[in-house]
Amino acid sequence: MLIALIARDKPDHLQTRLDNRAAHLAYIESTGVVAQAGPLLDQNGDMVGSLVILDVEDMAAGDAWAANDPYNKAGLFEAVELITWKKVIG
């Protein structure tokens, strides 16, 4: 099942993102369930959120992945949404 994780950072938390970026990327690598991922950017090109496409068994696995993401554990996110996603192109 593909799940789109859409997360918005708390305002003025770019340093939190930068401080935890290496751990977040290592987590992505180690879990092996991320099909695509990248930061959301503001009009200045600064990172302000995340889009992660998870390929997991079910929504519970997606929730667990999100809960254990180092960004989430560091309190970076203001809001996180997980929604089932269907790949059509690409």
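His-13 counts as partly exposed, because its relative accessibility is 24%; buried means under 20% relative accessible area, exposed over 50%, and partly exposed in between, with a 1.4 Å probe and protein chains only. The model is a predicted one, in which local features need pLDDT of at least 70, side-chain atom pairs count only at pLDDT 80 or more, and totals for chains, interfaces and linings use all residues. Residues are numbered from 1 along each chain as its sequence is written, and side-chain values use heavy atoms, with hydrogens and water left out.

His-13 sits in the loop between β1 (2–9) and α1 (14–31). Helices (H or I, at least four residues) and strands (E, at least two) are DSSP runs, numbered from the N terminus. Leaving aside residues up to four places away in sequence, His-13 touches Gly-75 and Leu-76, where contact means heavy atoms within 4.5 Å. Glu-81 is 68 residues from His-13 along the chain, and the C-alpha atoms of the two are separated by 18 Å.

The loop between β1 and α1 also holds Asp-12. Asp-12 is exposed, with a relative accessible area of 83%. Most residues other than glycine have a negative phi. Asp-12 is not a glycine, yet has a positive phi of about 60°.

Gly-32 follows α1 and has a positive phi, near 70°.

Which residues of α1 are buried? They are Arg-17, His-24, Tyr-27 and Ile-28. An α-helix has 3.6 residues a turn, so residues three or four places apart point the same way. The buried residues of α1 pack against β1, β2 (34–41), β3 (47–55), α2, α3 (70–73) and β4 (77–84).

The structure holds 2 aromatic pairs. Rings of Phe, Tyr and Trp (its six-membered ring) pair if their centres lie within 6.5 Å; planes under 30 degrees apart count as stacked, over 60 as edge-to-face and the rest as tilted. The rings of Tyr-27 and Trp-65 form a tilted pair, because their centres are 4.8 Å apart and their planes stand at 35°. Tyr-27 lies in helix α1 and Trp-65 in helix α2 (residues 59–68), so this pair ties together parts that are 38 residues apart in sequence. Tyr-27 is buried at a relative accessible area of 15%, and Trp-65 is buried at 5% relative accessibility. The other pair joins Tyr-71 and Phe-77, whose ring centres are 6.1 Å apart and whose planes are at 90°, so the pair is edge-to-face. Tyr-71 and Phe-77 are both buried.

Next, the strands. β1 and β3 run antiparallel and are joined by 7 bridges; two strands pair if DSSP finds at least two bridges between them. Opposite Ile-6 stands Leu-51 in β3. β2 and β3 also run antiparallel, again joined by 7 bridges, and here Gln-36 stands opposite Ile-53 in β3. The hairpin formed by β2 and β3 has 5 residues between the strands, and Gly-45 in the turn has a positive phi of about 85°.

Finally, the chain as a whole. It has 3 helices and 4 strands, and from the N terminus on the elements run β-α-β-β-α-α-β. The C-alpha trace spans about 35 × 25 × 20 Å along its principal axes. Of the 90 residues, 29% count as buried. Among contacts between residues at least 6 apart in sequence, 71% join residues at least 24 apart.
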